[in-house]
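Subject: Two-chain model for your review

Dear colleague,

Please find below the structure that I would like to hand over to you. My notes on it come after the model itself.

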Amino acid sequence: MNPTGFACPRRVGFLFPHACDRLTPIGCPDCNGGQVNDPFAQRTDRYGYNEYDNYSGVASGVYGGPHDFTEADGETLVRKRRTYEDDLNKS
Amino acid sequence: MAIDTAKLQKEGVYDARAPLRSLLEDLDQIGNMVQAAEAKRHRVRLYSGVAMIVGLLSAVVAGIVNSNAFGFCAFLAFTAGVGLFIYSFVTGRDLHKHHDRYDLLKELSKTLQHDADPQAKFSVHLALKAQPKLLRAEPFPQRKNGKQEFFEEDFLSIGGELLDGTFLEESVTELTRKRSYTNPRGKSKTKTRSRYQLAVRLGYPSDVYGDARPAQQALNEEIRVPATATIKDVGVSEKTIAVKAMVQAEKEIPQTSAMVCLGAYRILNLARRAAGGAK
């Protein structure tokens with residue numbers, strides 16, 4: 001339950017993109033308080049992987065263009081964890 | 001989570017299954033324990049120095065006043081000083097020797113935090129006390145009385161599920177070569193060299209990523225690692241990506257681990273595009 005009703009539209013993550021679950025952008029270390037448009041793609045702490053999210057030129061006919069990985073993809077990538085209430089085996 | 005301090009001090013082993021945040025709190029506690037052990041060693045050494053000085057002064061006084069009582073005190077104090085000095089090297093020796101290992105686990109945990117559910121439980125094993133296993137011993141014919149032994153020690157592992165359903169496992173093994181020989185001046189010498197084998201295994205969900213093998217072929221990209229590390233093996237199957245790297249220094253393991261995971265996820269993120277496009 002999100003009391004503020006805020007839903008962050010940005011992709012976050014170090015290894016793979018996923019939805020940001022913060023309740024406010026204020027003080028967010030990923031988007032720096034809303035300053036960074038795509039925190040996943042624009043990370044600068046990936047050592048030698050400067051163009052980590054850029055697949056341009058990689059078998060583009062098969063894998064599509066570089067910008068076809070959207071925020072929605074990030075959201076669907078996150079698997080909901082099974083909660084206690086969801087687990088029918090628990091008493 | 002409360003850590004088993006007695007087990008940690010006696011066996012030098014920390015095993016837990018908990019969310020990363022909780023593990024990091026435990027590691028802070030272990031860090032405090034290591035610092036306390038270090039402070040104790042310094043304190044014991046200080047007491048040892050004081051006891052030896054008291055012993056020497058007592059000996060001087062005993063000589064001046066010709067007193068057996070002072071002579072006995074000198075003997076007692078000096079013996080106690082020597083005993084404490086030896087004890088200072090024994091107490092907390094294992095925690096002192098491998099105090100970097102908890103820092104290493106901390107760094108690995110911090111990297112995983114970006115892509116793990118805060119409630120997801122990770123299993124960790126950390127050995128602060130060295131328990132190397134002898135692999136083989138053989139002559140070292142290049143040197144007089146030369147002998148070399150090879151050891152391995154699995155001292156760290158961490159595993160758990162990430163937000164995308166991938167099960168990540170990392171383990172670090174210390175590989176040690178110990179050479180002993182007699183040098184031309186007749187002195188016995190022992191030289192030890194360690195390397196670290198980092199193994200990363202990602203069990204990815206096929207409903208999200210499909211089969212990663214075509215993506216690996218299309219990407220045709222080496223997994224990057226720091227200059228002092230080398231990739232020994234990369235295996236991509238329809239369910240897993242497994243990478244082995246050899247690292248020269250322990251302090252380079254966190255960066256190597258992060259780069260290996262990034263390299264593997266370069267493949268997976270591309271595979272996911274194909275899997276998404278095929279749906």
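This is a predicted model: local features need pLDDT of at least 70, side-chain atom pairs count only at pLDDT 80 or more; totals for chains, interfaces and linings use all residues.

Residues are numbered from 1 along each chain as its sequence is written, and chains are lettered from A and ligands numbered from 1 in the order in which they are written.

**The chains**

Chain A has 2 helices and 2 strands, where helices (H or I, at least four residues) and strands (E, at least two) are DSSP runs numbered from the N terminus, and along the sequence these elements follow the pattern β-β-α-α. Of its 91 residues, 22% are buried; for this term, a residue is buried if 20 or more other C-beta atoms lie within 10 Å of its own, exposed if 12 or fewer, and partly exposed in between, with C-beta atoms placed from the backbone. Among the contacts in chain A with a separation of 6 or more, 42% join residues 24 or more positions apart, a contact being a pair of residues whose C-beta atoms, placed from the backbone, lie within 7 Å.

Chain B has 8 helices and 8 strands, and 30% of its 279 residues count as buried. For chain B, residues 24 or more positions apart account for 66% of the contacts with a separation of 6 or more. The radius of gyration of chain B is 26 Å, whereas a compact globule of 279 residues would have one near 19 Å; the radius is taken over C-alpha atoms, and the globule rule is 2.2 Å times the number of residues to the power 0.38. Taken along the principal axes, the box filled by the C-alpha atoms of chain B is roughly 100 × 50 × 25 Å.

**Helix α2 of chain B and its partners**

Two packed helices are described by the angle between their axes and the distance between the axes. Helix α2(B), residues 20–65, packs with helix α3(B), residues 68–90, at an angle of about 160 degrees and with the axes 7 Å apart, the axes being lines fitted to C-alpha atoms over the stretch in contact, and the angles running from 0 to 180 degrees between N-to-C directions. That makes α2(B) roughly antiparallel to α3(B), since angles over 145 degrees count as roughly antiparallel, under 35 as roughly parallel, 65 to 115 as roughly perpendicular and the rest as oblique. The crossing of these two helices, α2(B) and α3(B), is left-handed, a term used if the near helix is turned anticlockwise from the far one by less than a right angle, with right-handed used if clockwise. By class, the contact of α2(B) with α3(B) has 19 nonpolar, 6 polar and 2 charged residues, where Ala, Val, Leu, Ile, Met, Phe, Trp, Tyr, Cys and Pro count as nonpolar, Asp, Glu, Lys and Arg as charged, and the others, Gly among them, as polar.

Helix α2(B) also packs with helix α5(B), residues 100–113, at an angle of about 160 degrees, with their axes 10 Å apart, and the two are therefore roughly antiparallel to each other. The crossing of α2(B) and α5(B) is left-handed. Residues making this contact include Leu20(B), Leu27(B) and Val34(B) of α2(B), and Tyr102(B), Leu105(B) and Leu112(B) of α5(B). By class, the contact of α2(B) with α5(B) has 9 nonpolar, 3 polar and 1 charged residues.

**Single residues**

Most residues other than glycine have a negative phi. Asn32(A), however, has a positive phi near 55 degrees; this residue is in the loop between β2 (18–19) and α1 (60–63) of chain A, and counts as exposed because 12 C-beta neighbours lie inside 10 Å. Asn220(B) likewise has a positive phi, of about 45 degrees, and is found in the loop between α7 (213–219) and β7 (229–236) of chain B, where it is exposed, with 8 other C-beta atoms within 10 Å.

Arg179(B) lies in strand β5 (residues 167–182) of chain B and is partly exposed, with 16 other C-beta atoms within 10 Å. Leaving aside neighbours within four places in sequence, Arg179(B) is in contact with Phe140(B), Gly146(B), Gln148(B) and Lys191(B).

With regards

Terms used. Two residues are in contact if their C-beta atoms, placed from the backbone, lie within 7 Å.
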